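Hi,

Here is the structure I said I would pass on. Have a look at it first, and my notes follow below.

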Amino acid sequence: MADNALTKVARIASKAAQGATYKDAKGNIQIIKPAGDSNYMDFTNFLTSTNGTGGSAGGNTGGNTGGDSGGTTGGNTSTPVSQLPSTVNLFSGSAVGNILLSGPSTNYDNVQDGLLITLSNITPQFIDGNIGGHFNIPANVGAFRIDLSLSGLKGVKIPKEQLIVGNSFDISNQLSQYVGKAVQLQELGSDAHSWIPTDSTYSYSITSFGGTTVKVLPNTALSINLTVNIKENSTNLGFNDNAPIPVIQVNDYKN
């Protein structure tokens, strides 16, 4: 037959310095005397006054308190926000200026560790009437673009803690490694459609970047107006055309 609660208490007491008496399931008084006849505690009346149930108040109190406390605490715990996988494109295309993202929550809490901004290796066409007639470029050529792939230009990152509406984040430190790196200057062909590398006798490299501040706009949008300037290496002649560098893709990233 299963012991009642006070039977268990008595057994615990039997391991202490004193003995104990208790009433068993048949109502008989039992004595445990680990330290002699006079060294015991009397639970008989206590058992009688509690109708032999003992410990119910403590059990109920503990059960109720534990349940209520656990329920309250659990109810106040916030549910983790599902994070966007890095494979999902939040933007894809080609844009300069305001870039609207699709997928992030308004406070970016579903973005992992930040945003990865992938930049185009080809600038849009720009006009420079001072280049034609130099560097073996025909004088009537005025439309150019820059191929940045030789520089190894990669994406830039905006950490999650910077993704606060109204905040501006400077990416110049991330771009400084590309200053001095080689690029290719291309001219618009006579058909006005194809692009042709300029005379390979001359080489070109990056001198600086402009528009290196990214601004976080409302409604999950970013303002990015990044530009690049180059020079011809042998003459050290610079072209401060501020050629735009489009954003072609945005993803979140995990460190």
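What is the strand order in the open sheet of 4 strands? It runs β4-β18-β6-β9, with antiparallel pairing. Before I go on, the ground rules: this is a predicted model, where local features need pLDDT of at least 70 and side-chain atom pairs count only at pLDDT 80 or more, while totals for chains, interfaces and linings use all residues. Residues are numbered from 1 along each chain as its sequence is written, and side-chain values use heavy atoms, with hydrogens and water left out.

**The sheet**

Strands here are DSSP runs of E with at least two residues, and helices are runs of H or I with at least four, both numbered from the N terminus. Two strands count as paired if DSSP finds at least two bridges between them. The edges are β4 (91-95) and β9 (156-159), and each has a single partner strand, so one side of each has no neighbour in the sheet. From one strand to the next, the twist averages 25°; the axes behind such angles are lines fitted to C-alpha atoms (for helices, over the stretch in contact), and angles run from 0 to 180 degrees between N-to-C directions.

Strand β6 (residues 114-119) pairs with β9 in the antiparallel sense over 4 bridges. On that side, glycine 114 sits opposite proline 159, and leucine 115 has isoleucine 158 as its bridge partner. β6 also pairs with β18 (residues 247-253), again antiparallel, over 6 bridges. There, isoleucine 117 faces valine 250 across the pairing.

**The rings**

Searching the whole structure turns up 5 aromatic pairs. Rings of Phe, Tyr and Trp (its six-membered ring) pair if their centres lie within 6.5 Å; planes under 30 degrees apart are stacked, over 60 edge-to-face, and the rest tilted. One of the pairs is phenylalanine 126 with phenylalanine 144, which is tilted at 6.3 Å centre to centre and 35° between the planes. Phenylalanine 126 is in β7 (residues 126-127) and phenylalanine 144 in β8 (residues 143-147), so this pair ties together parts 18 residues apart in sequence.

For accessibility, buried means under 20% relative accessible area, exposed over 50%, and partly exposed in between (1.4 Å probe, protein chains only). Phenylalanine 126 is buried at 8%, and phenylalanine 144 is buried at 0%.

Phenylalanine 135 and tyrosine 202 have ring centres 5.2 Å apart and planes at 70°, so they are edge-to-face. Phenylalanine 135 is in the loop between β7 and β8, and tyrosine 202 in the loop between β12 (195-197) and β13 (204-210), so the pair links parts 67 residues apart in sequence. Phenylalanine 135 is buried at 8%, whereas tyrosine 202 is partly exposed at 24%. Ring pairs join Phe135, Tyr202, Tyr204 and Phe239 into a cluster.

**Serine 176**

You will find serine 176 in the loop between α4 (172-175) and β11 (182-188). Serine 176 is partly exposed, at 45% relative accessibility. A polar atom of its side chain lies 3.0 Å from the backbone oxygen of asparagine 173.

Cheers

Definitions and conventions:
A polar contact is a pair of N or O atoms within 3.5 Å; within protein, one must be able to donate a hydrogen and the other to accept it, and residues adjacent in sequence count only if both atoms are side-chain atoms.
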